[in-house]
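Please open the model in your viewer and keep the selection tool at hand. The stops below take you through one chain, element by element.

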Amino acid sequence: MTGKRTATLIAELLVWWFSLSVLWLVLISTVDALEVLAGAVCALLAAVLAVAARRAVTGR
Amino acid sequence: MNVWLVTASVLLVAGFVPVVWGVATGPLGRGVAAQNLGTSVVCLAILLLSQGYDRPSYVDVALVVAVLGPVGTLVYARLLADELQDDPPHTRLFTVSVVCVTVPVVVALCLAGGPGRAAAKLVLVGVLLVVGNVIASRALTGGFSRSEVTR
């Protein structure tokens, strides 16, 4: 049960990370390696916050 | 003075006449709905001006307005929940107007700029504007659960 829950959590985190990275890439003006790296890090932080916020709202 | 700047000027004048009229003369609910329309008009005008002046970075300002405009209206809807409950405003006309203007403006700007990330950004601004307006209008008219609004 715990393993399944962890897998769901990681899957949700990856979906958030991917979506937010795409959003970052759409919104920036020039795409280069540094921008992609900064975007990936920021998107990961935001993804963690998004997962935590969603869990807090749904009360799980 | 190109066609984008002319369109932006016409939009500002045509949009802000009902906004000023609604804010200055109407009851509380109509005032809030009118200021919500005002943020949408400003957002679309900035999009047109960015194309007219050939300054793509101005789109960022429109993006911020598209996010914060409806959020500001939600704050009003929360703070004025008791007053709005007695006399909910009619926001359908404002929302339909915003959608009917946003869609052609965003499509025209996308066609002018061609496909690419800039077009995706414009579509994002347009979607945020339409969705934000629908949500804000629904909140103003008490469409969400009353217990959630007033709690």
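How many residues does helix H3 of chain B have, and how far does this helix reach from its first C-alpha to its last? Bear in mind while you look that this is a predicted model. Select residues 58-79 of chain B: helix H3 has 22 residues and reaches 32 Å between those two atoms, close to the 32 Å expected at 1.5 Å a residue.

Next, select Asp54(B), which is placed in the loop between H2 and H3 of chain B.

**H2 against H5**

Now show H2(B) together with helix H5 (residues 92-113) of chain B; the two pack at an angle of about 10°, with their axes 11 Å apart. Because angles under 35 degrees count as roughly parallel, H2(B) and H5(B) are described as roughly parallel to each other. To see the contact itself, select on the H2(B) side Ala33(B), Asn36(B), Leu37(B), Ser40(B), Leu44(B), Leu47(B), Leu48(B) and Gln51(B), which meet Phe94(B), Val98(B), Val101(B), Thr102(B), Val105(B), Leu109(B) and Ala112(B) in H5(B). Coloured by residue class, the residues of this contact divide into eleven nonpolar, four polar and no charged.

**The whole chain**

Finally, zoom out to chain B as a whole, where there are seven helices and zero strands, in the order α-α-α-α-α-α-α along the sequence. Its C-alpha atoms fill a box of roughly 45 × 30 × 20 Å along the principal axes. The radius of gyration of chain B is 16 Å, which agrees with the value near 15 Å that a compact globule of 151 residues would have. Of those 151 residues, 36% count as buried, and among contacts between residues at least 6 apart in sequence, 72% join residues at least 24 apart.

Notes
Residues numbered from 1 in each chain as written. Chains lettered and ligands numbered in written order. Predicted model: local features only at pLDDT ≥ 70, side-chain atom pairs only at ≥ 80, totals over all residues. Helix = DSSP H or I, 4+ residues; strand = E, 2+ residues; numbered from the N terminus. Rg over C-alpha atoms; globule rule 2.2 N^0.38 Å. Buried ≥ 20, exposed ≤ 12 C-beta atoms within 10 Å, placed from the backbone. Contact = placed C-beta atoms within 7 Å. Expected span 1.5 Å × (residues − 1). Axes fitted to C-alpha atoms, helices over the stretch in contact; angles between N-to-C directions. Parallel < 35°, antiparallel > 145°, perpendicular 65-115°, else oblique. Nonpolar A, V, L, I, M, F, W, Y, C, P; charged D, E, K, R; others polar.
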